[in-house]
Amino acid sequence: MKILILISCLISLPILSQTEKLQEEKELEVVNFNSIKKILIQDGLSEAAKKKEKQVQILKKEQAKVETGRFMYPTESEIWGFTTEYWLIKNAQILDWDFEKPDYGIDKSFRTLMQDLGFYQKKFKILLVNSPNIVRAALPGNEEIVLIISVPFIRMMDLSKLEISLMLFEDFLRLDLGYFKKSVATEKLTKIAGSNFQGTKPDISFVEELLKNYSSQINEKGYSFQQMFEVTKKMDAYLKSNPELWNAYFRLLGKMDRFLKTNIQFKDYIKLYPSPEMQVKWLSPDEKVL
Amino acid sequence: MWWLLLFPSLLFAESNSTDERVVGTFYFNPMFGHVHQSALRTSASLTTIQCSHPVKVIESSKVSVSKEWAYVQVADHRGFIRKEFLTVKRPECFQGKYPRFFDAFNLDLSELYYWGRLNDQFIQGETRVK
């Protein structure tokens, strides 16, 4: 008798350990279709049962997908978007972006410029900062680009809407060339993005590493002469077909060069973006040698 | 004759109820945001809400708002949210899609507050389809 009880317990154990069943699954089990098969076929109920079974399978698949999704790392693009915003949150006080700002109409002006140059369906977010600590930056978003520009810089340089838009466009191209991501990305990011961590704790140290790299790239490392040359040449190529825009860009670089040489507050700019003086030279037509 | 005294207040209550209409329930789209005291990006926050939070949009003759803002009710708070942040369908949120990853950051209140402010301060745009 004892053996019988033990066997029945062992049989029932796996049943008890099964995960909770779906409502549809339970409904399916309630009816034993075999005994009334003929009647069911006549009434079309067996067809309904098949449909129900399919429904259960689909729901089960969806449930499993949701469950594994809970333990997934975001995709690389989503991680860039998240990290950019998190970096802006972590540096909110230094950057001072939470302030009442004038409506410069930059969004319309920048949109028009991008469209005129043939950039369609591009999403962007512009953040004005009330700090001279950061003059400009372009950061990767999830589906969009995040462009940062300093209001004290705009005011002191007395920049027009078009000039601001040209600066933003240059930043957009720099980001598009992939310099920022290349400098900031880590091996761990590409390894971990989109993977599953079920059964372990999520490892967020790679985001902390990225945040450090963001700060270092934006505040210390900046861009090389070679990278700036590439960006300037790209600007030249895009603007050449529109002499008005090309002249505005050329004048802007000259204006920046003069301003930065006399203003100590923005002395670090040239180290990060070398340099408006060189950019003017790169754009200037070659002198004719007689 | 005592009911004559009650009549004006009844009339007032009637007009009170008719000049306000619930337009519908919408969902908050960005990761975090604020219900504002006034229809300004920098105005004080009444409460912080997160993505997918249901928001009741109200139309009231007593409150005039610009076309970019909606007058809303969230729990006991009545305030303003930018219309571009509201969607008809429940959105797919980052924190909903990756709950374990997101929880690991253990964001504190000030970070949630600033995240909401950041979304208000962004000037968003998109170039048109070709």
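This is a predicted model: local features need pLDDT of at least 70, side-chain atom pairs count only at pLDDT 80 or more; totals for chains, interfaces and linings use all residues.
Axes here are lines fitted to C-alpha atoms, for helices over the stretch in contact, and angles between them run from 0 to 180 degrees between N-to-C directions.

Start with helix 9 of chain A, residues 161–176, and helix 14 of chain A. Their axes come within 10 Å and cross at roughly 85°. Angles of 65 to 115 degrees count as roughly perpendicular. Helix 9 of chain A and helix 14 of chain A are therefore roughly perpendicular to each other. Helix 9 of chain A brings A:Leu162, A:Glu163 and A:Leu166 to the contact, and helix 14 of chain A brings A:Ala248, A:Tyr249 and A:Leu252. By class, the residues of this contact are five nonpolar, no polar and one charged.

Helix 14 of chain A, residues 243–262, also meets helix 16 of chain A, residues 276–283. Here the axes come within 8 Å and cross at roughly 150°. Angles over 145 degrees count as roughly antiparallel. Helix 14 of chain A and helix 16 of chain A are therefore roughly antiparallel to each other. Their crossing is left-handed. On the side of helix 14 of chain A, the residues are A:Phe250, A:Leu253, A:Gly254, A:Met256, A:Asp257 and A:Leu260. Helix 16 of chain A answers with A:Pro276, A:Glu277, A:Gln279, A:Val280 and A:Leu283. The residues of this contact divide into seven nonpolar, two polar and two charged.

Now step back to chain A as a whole. Its secondary structure comes to 16 helices and three strands. Chain A has 290 residues, and 27% of them count as buried. Take the contacts in chain A between residues at least 6 apart in sequence: 68% of these join residues at least 24 apart.

Which strands make up the open sheet, and in what order? The order is 2(A)-3(A)-1(A)-8(B), four strands with mixed pairing. Strands of a sheet pair through backbone hydrogen bonds, either parallel or antiparallel.

Follow the sheet from strand 2 of chain A. This strand pairs with strand 3 of chain A in the antiparallel sense, over five bridges. The two form a hairpin with three residues between them. A:Ala138 stands opposite A:Leu147 in strand 3 of chain A. Five of the five residues of strand 2 of chain A are buried, so this strand is largely enclosed by the rest of the structure. A:Arg136, A:Ala138 and A:Pro140 point one way from the strand, while A:Ala137 and A:Leu139 point the other way.

Strand 3 of chain A, residues 144–150, runs parallel to strand 1 of chain A, and seven bridges join them. In this pair, A:Lys125 stands opposite A:Val146. Then the sheet passes from one chain to the other. Strand 1 of chain A and strand 8 of chain B, residues 123–126, run antiparallel and are joined by four bridges. A:Ile126 stands opposite B:Ile123 there. Helix 7 of chain A lies across strand 1 of chain A together with strand 8 of chain B. This helix runs at about 25° to strand 8 of chain B.

Finally, look at two loops. Most residues other than glycine have a negative phi. A:Gln121 has a positive phi, near 50°. A:Gln121 sits in the loop between helix 7 and strand 1 of chain A. With 9 C-beta neighbours inside 10 Å, A:Gln121 counts as exposed. B:Ala75 also has a positive phi, about 55°. Its place is in the loop between strand 5 (69–74) and strand 6 (77–82) of chain B. B:Ala75 has 12 C-beta neighbours inside 10 Å and counts as exposed.

Definitions and conventions: Residues are numbered from 1 along each chain as its sequence is written. Chains are lettered from A and ligands numbered from 1 in the order in which they are written. Angles under 35 degrees count as roughly parallel, over 145 as roughly antiparallel, 65 to 115 as roughly perpendicular and the rest as oblique. A crossing is left-handed if the near helix is turned anticlockwise from the far one by less than a right angle, and right-handed if clockwise. Two residues are in contact if their C-beta atoms, placed from the backbone, lie within 7 Å. Ala, Val, Leu, Ile, Met, Phe, Trp, Tyr, Cys and Pro count as nonpolar, Asp, Glu, Lys and Arg as charged, and the others, Gly among them, as polar. Two strands pair if DSSP finds at least two bridges between them. A residue is buried if 20 or more other C-beta atoms lie within 10 Å of its own, exposed if 12 or fewer, and partly exposed in between; C-beta atoms are placed from the backbone.
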